[in-house]
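Let's take a friendly walk through this structure together. Have a look at it first, and then we will go from its surface to its sheet and its salt bridges.

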Amino acid sequence: RKPTIVTPSYCIIQTDSKQMELSVEYLKDMCKTERMKNNDCYATPELNDKLYLHYKGFRKIQALEAYTSLKVLWLEGNGIGEISGLDQQTMLRTLYLHENCIDKIQGLDNLVELDTLNLCKNFVTKIEGLEQCSKLSSLLLAHNNLTSSEDLEHILKIPSLMTLDVQHNRINDVQILNILSQLPDLRVLYLMGNPVVKLIKYYRKTIIASCPNLKYLDDRPIFVDERRRVNRWKKVYDETNNYDKALEAERDEINLIRDEKRALEQENFRNFDKMVREGISERMKKEGSLECKDNSEENDENVDIENIENQNTGIVPFPENEELKAIREARLHKLMNPDESTSTSTKDSTSSSSFFVKGIDDKGETNEVNEFKKLLQQDIWPEFDQSTTTTIKKNGGIQKEEVPPPQTLMPPPPPPVVAAAPVLHHMPPAPPLSEVLMPPPPPPSANSIHQSLPQPPVVPLPGNTDFDELD
C-alpha cells in the first residue's frame with residue numbers, strides 16, 4: 001500500500017469551478033499554514049497587512065471584507081476578469097493585478113491611499129476610474145490595448161503621477177505629446193514598443209524638451225548635461241525650423257559645458273591649494289607659539305628647581321674656578337667631538353719641543369706650572385688624570401682645545417700582589433772557593449760517547465753465506 005499524502009485543501013486544483021473560488025475558509029486555512037512556516041500571516045484577518053494570492057487560478061476577487069488592514073495584495077497570474085471586492089481595503093497602498101484578464105479599470109473608488117497599480121499584460125483599452133486615487137504615483141500598463149491619445153487623457157486627472165509605463169501597446173497618435181507635457185511631475189516614462197515612436201521626429205530630444213521634469217526615458221536616464229543640450233537644440237529649432245542650425249547650437253552648448261567643467265576643476269584645485277597653504281601656516285604659527293611657551297616654562301622650572309634644591313640642601317652658590325672650568329669644557333668638547341682630536345694632536349706634536357724649551361728657560365711659565373701643580377695636590381679635582389697634567393705642562397696651563405680626551409673613565413687597576421720570599425733561619429754553608437773558581441769541564445766527544453754505550457753481542461754466520469741471497 002502506498003503512503004497517504006495529506007495536502008491542504010487550498011492547494012488542491014480540480015476541474016470543478018467551485019474549488020477555484022476565493023473563500024473565507026480558504027483564506028483562514030492558508031494563513032494558518034503560512035504561520036506555521038514562520039511567514040507574516042495570521043489566523044485573525046484584521047492582523048494581516050499583506051496577502052499572497054498570486055498564481056492560484058482565481059476568477060474573481062471576493063471574501064476580503066474582514067481583511068481591512070491590508071496594505072499590499074498580490075493577485076497576479078490568476079484568471080481575474082473584473083476588479084471588484086476591494087471596497088473595505090481603504091488602507092491598501094500597492095495592488096498587483098498583472099497577468100490577468102482585465103479589460104476595464106473599475107472598482108477602485110475607495111482606495112484613496114493607493115500608490116502603485118500594476119495592470120501589465122491585461123486587455124485594458126482605456127485608462128479610467130482613477131480620479132479618486134489622488135495619491136497614485138505609479139501606473140503600469142505595459143502590454144495592453146491602448147491605441148490613441150484619447151485612451152490616455154484620463155491621466156491628466158492624476159496630478160500626483162510620477163511613473164507611467166505604457167510600453168508595447170498600440171499607440172500611434174502623435175498628440176500623446178500634448179498629454180505628456182501637461183503632467184506636472186512626470187519623472188519616468190516608458191513609451192518604447194509603440195508605433196508612435198517612429199512617428200515623432202527626433203523622438204528622444206522632443207520628449208525630453210516636452211517634459212521638463214523627466215529623469216528617465218525608456219532605457220536610460222536623462223542627465224543635466226543632456227537636458228541643457230536638448231533645451232538649446234529645441235529653442236533654436238523652434239525659432240529657425242532648421243535642423244543643422246539647431247545641431248550647431250547643440251555643439252556650442254557642449255563646448256560651453258566642457259569649458260565650465262574645466263573652469264570648475266581649476267577653481268576647485270586653487271581652493272584646495274589655498275586651503276593646504278592656510279593649514280600649513282596655521283600649524284607653523286601654533287608650533288612656534290608652543291615652542292616659545294615650552295621654553296618659558298622650562299626656564300621657570302629650572303629656576304624653581306635650583307632654588308628648591310638650594311633651600312633643601314643648604315648649599316651656598318659659589319663661583320667656579322675659571323681655569324678648571326676651561327679644562328672641563330675642553331674635555332667635554334673632546335668627548336663630544338672625537339674626530340677633531342686626531343687633527344689637533346698632529347699640531348701639538350710640532351710645537352711640543354719648543355714649548356718645553358720655552359717652559360724651562362722662561363721662569364714665569366715654570367712658576368705657572370708649579371702653581372697649577374699645587375692646585376692639583378689639593379682636593380679641588382681628585383679625579384684629574386695624568387694625561388691632562390702632561391698636556392697642561394706642555395701647553396702652559398690653559399689651552400682647552402688641545403687637551404686630549406681621557407683614556408678611560410674606570411679607575412686604574414691595583415698593582416699585582418707579589419708573594420714575599422720565605423725567610424730562612426738556617427742558611428746552608430757556602431761552597432769552597434776552589435770549586436767556585438774552577439772552570440767547567442769540557443763537553444764529551446763523539447767517540448767517548450760511542451765507547452761508553454753498551455755493544456751488542458756478535459752472532460757468527462753459517463759458512464758459505466751469500467750476502468746477495470740475503471738481500
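Glutamate 131 is partly exposed, because its relative accessibility is 38%; buried means under 20%, exposed over 50%, and partly exposed in between (1.4 Å probe, protein chains only).

This is a predicted model, in which local features need pLDDT of at least 70 and side-chain atom pairs pLDDT 80 or more, while totals for chains, interfaces and linings use all residues. Residues are numbered from 1 along each chain as its sequence is written, and side-chain values use heavy atoms, leaving out hydrogens and water.

Glutamate 131 sits in the loop between strands S4 (116–118) and S5. Strands (E, at least two residues) and helices (H or I, at least four) are DSSP runs numbered from the N terminus. S5 (residues 138–140) pairs with S6 (residues 163–165) in the parallel sense over 3 bridges; pairing requires at least two DSSP bridges.

Now to the salt bridges, each a side-chain nitrogen of Lys or Arg within 4 Å of a carboxyl oxygen of Asp or Glu. The structure holds 15 of them. One joins arginine 228 and glutamate 253 at 2.8 Å, N to O. Arginine 228 lies in helix H5 (residues 224–240) and glutamate 253 in helix H6, so this pair ties together parts 25 residues apart in sequence.
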